[in-house]
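Here are my notes on this model. Please read them with the structure open.

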Amino acid sequence: MKKAVVELTINGAERQMLVLPGATLLDTLRDQGLTGTRRGCDQGACGACTVLVDGRPMMSCLLPVETVEGARIETIEGLTPVEGLHPIQEAFLEGFATQCGFCTPGMIMATAGLLATNPEPTREDAMQAISGNICRCTGYVAILDAVLDAARRVREADERAKARAA
Ligand code: FES
Ligand code: FES
């Protein structure tokens, strides 16, 4: 099978990759070693593979990689700081919103997509944002609490950053 070259910006780095015909964005990310993006159902039903594509949460198992040529992709590895955790990760960890952890990267990327456009979400907004993400361990109460706590933490971190820059 003839491979094709695809260009993407992944977590801020421009990359050119050889991909097989029919490869999805999920296949491509995992082949690059970015295995924090999970393969659950591989058919758009669980949200475990959620990443940000040009800032919007999308299920990477549904996207033939050639259809996102040139896009800016953000994965859980890109969200995670070099040291410590991102405020969304802290909220999930401290709020006991993760058990086996399989759904967690997708939940966190869905949350990141929500907060990028809506820094003060309601519980209904949070429910909508994770409506495509399935968790078979926790139930959803702790996850929804964590999404709202994450919003507060991100707002506070932004305010601290602004104060430092002033
Ligand atoms: S692995 Fe993509 S939605 Fe389940
Ligand atoms: S923590 Fe196990 S599937 Fe969500």
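The points below go from the overall fold to one helix pair.

1. Ground rules. This is a predicted model, in which local features need pLDDT of at least 70, side-chain atom pairs count only at pLDDT 80 or more, and totals for chains, interfaces and linings use all residues. Residues are numbered from 1 along each chain as its sequence is written, chains are lettered from A and ligands numbered from 1 in the order in which they are written, and side-chain values use heavy atoms, without hydrogens and water.

2. Fold. The protein has 6 helices and 5 strands. Along the sequence they run β-β-α-β-β-β-α-α-α-α-α. Helices (H or I, at least four residues) and strands (E, at least two) are DSSP runs, numbered from the N terminus.

3. Burial. Of the 166 residues, 41% count as buried, meaning under 20% relative accessible area with a 1.4 Å probe, protein chains only.

4. Contacts. Take the contacts (heavy atoms within 4.5 Å) with a separation of 6 or more: residues 24 or more positions apart account for 55% of them.

5. Helix pair. The axes of α4 (residues 104-117) and α6 (residues 141-165) come within 11 Å and cross at roughly 45°. Axes are lines fitted to C-alpha atoms, for helices over the stretch in contact, and angles run from 0 to 180 degrees between N-to-C directions. The two helices are therefore oblique to each other: angles under 35 degrees count as roughly parallel, over 145 as roughly antiparallel, 65 to 115 as roughly perpendicular and the rest as oblique.

6. Contact residues. Met 107, Thr 111, Leu 114 and Leu 115 of α4 meet Ile 143, Val 147, Ala 150, Ala 151 and Val 154 of α6.

How values were computed:
Buried < 20%, exposed > 50% of the residue type's maximum accessible area, 1.4 Å probe, protein only.
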